[in-house]
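Here are my notes for a first look at this model. Please read them with the structure open.

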Amino acid sequence: MILGEYIEDAINWLTENFSGVFEGISDFVSALVSGIEAFWLWTPFYIVIALFTVLAYWKAGRSTALFTLLGLVYIYFAGFWDETMQTLALVLASAIMALAMGIPLGIWSAKNKAVNSIVRPVLDFMQTMPAFVYLIPAVLFFGLGTVPGAFATIIFAMPPVVRLTTLGILQVPEDIVEATTAFGATPSQLLFKVQIPLAMPTILAGINQTIMMALSMVVIASMIGAKGLGVIVLQGISQLKIGLGFESGLAVVLLAIILDRITQSLGKKNG
């Protein structure tokens with residue numbers, strides 16, 4: 001109980017003294033999520049389906065394109081289109097922010113052993129913490145709604161891209177690094193022209209995992225007011241509507257598979 005009291009006092013102090021900071025973060029996250037959501041909801045469903053199908057065909061082949069087409073058509077005719085676009089918007093916004101923070105942190109961790117020694121146990125803590133626990137600070141700092149859902153999703157989804165970015169940079173052969181340095185490359189040239197391109201397959205695997213974890217978390221985030229498919233899944237569970245729960249759950253699965261197949265193929269060469 002003593003530790004819990006200290007944590008409670010710390011959170012109360014943060015909310016009292018940094019309310020302006022949290023309001024600014026809330027406004028930014030809300031604007032980003034709302035903007036992406038408005039775009040998907042404004043775009044006619046058949047154009048969205050066509051865009052995803054073409055992208056899937058271009059990057060992942062015919063079978064994935066056919067699955068994407070059938071999956072999105074099912075979601076539309078099942079009546080879950082708006083909720084799916086809301087979920088997609090929250091996933092993309094959360095993933096963008098997680099990647100914007102996670103990739104630089106992973107690079108810094110690979111370049112600095114002291115940073116790596118600090119980051120690794122923090123990531124271990126973040127990955128072993130039950131997903132529901134992330135909802136507590138999110139609600140305390142931002143209340144209920146989409147913003148705390150995005151906040152919890154960012155924290156939950158960031159560790160894979162940090163770890164795999166660090167791993168990818170560290171796995172670049174030392175002889176290549178030494179040869180590049182010997183030819184007079186600056187640290188920034190070494191990073192952006194050698195290390196990151198060679199580490200890109202591993203980094204892309206981290207991006208894929210981050211997007212998948214973001215999708216799994218936004219369903220849980222519906223418990224604190226985040227919009228999307230999670231709300232319908234929660235209704236099906238709480239009201240014992242088996243059919244509704246199954247259909248909405250299937251929509252989540254289809255969206256997850258579509259995003260997974262497309263993001264997995266981003267690092268592969270066409271053809």
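1. Is Gly143 buried, partly exposed or exposed? The model is a predicted one. In it, Gly143 has a relative accessible area of 26%. Buried would need under 20%, and exposed over 50%, so Gly143 counts as partly exposed.

2. Now place Gly143 in the chain. This residue sits in the loop that links helix H7 (135-142) to helix H8 (146-170). Setting aside neighbours within four places in sequence, Gly143 touches Ala138 and Pro148. Ser238 is 95 residues from Gly143 in sequence, and their C-alpha atoms are 22 Å apart in space.

3. Next, the largest pocket. Its volume is about 430 Å³. The lining has 14 residues, and Ile11, Phe125, Met129, Val133 and Pro137 are the closest to the centre. Helix H1 (2-17), helix H6 (113-128) and H7 each give two or more residues to this lining. The largest share, four residues, is from H1. By class, the lining of the largest pocket has 14 nonpolar residues, no polar and no charged ones.

4. Then the second largest pocket. Its volume is about 260 Å³. This pocket is lined by 15 residues, with Phe52, Leu92, Ile211, Leu259 and Thr263 nearest its centre. At least two lining residues come from each of helix H2 (19-42), helix H3 (45-60), helix H5 (81-111) and helix H12 (242-264). H5 supplies the largest share, five residues. The lining of the second largest pocket divides into 14 nonpolar residues, one polar and no charged.

Conventions:
Residues numbered from 1 in each chain as written. Predicted model: local features only at pLDDT ≥ 70, side-chain atom pairs only at ≥ 80, totals over all residues. Heavy atoms only, no water. Buried < 20%, exposed > 50% of the residue type's maximum accessible area, 1.4 Å probe, protein only. Contact = heavy atoms within 4.5 Å. 1 Å grid on protein atoms, 1.4 Å probe; cavity = no way out; pocket = protein on both sides within 12 Å on 5 of 7 lines; lining within 4 Å. Points joined across faces, edges and corners; volume = space filled by probe spheres on them. Nonpolar A, V, L, I, M, F, W, Y, C, P; charged D, E, K, R; others polar.
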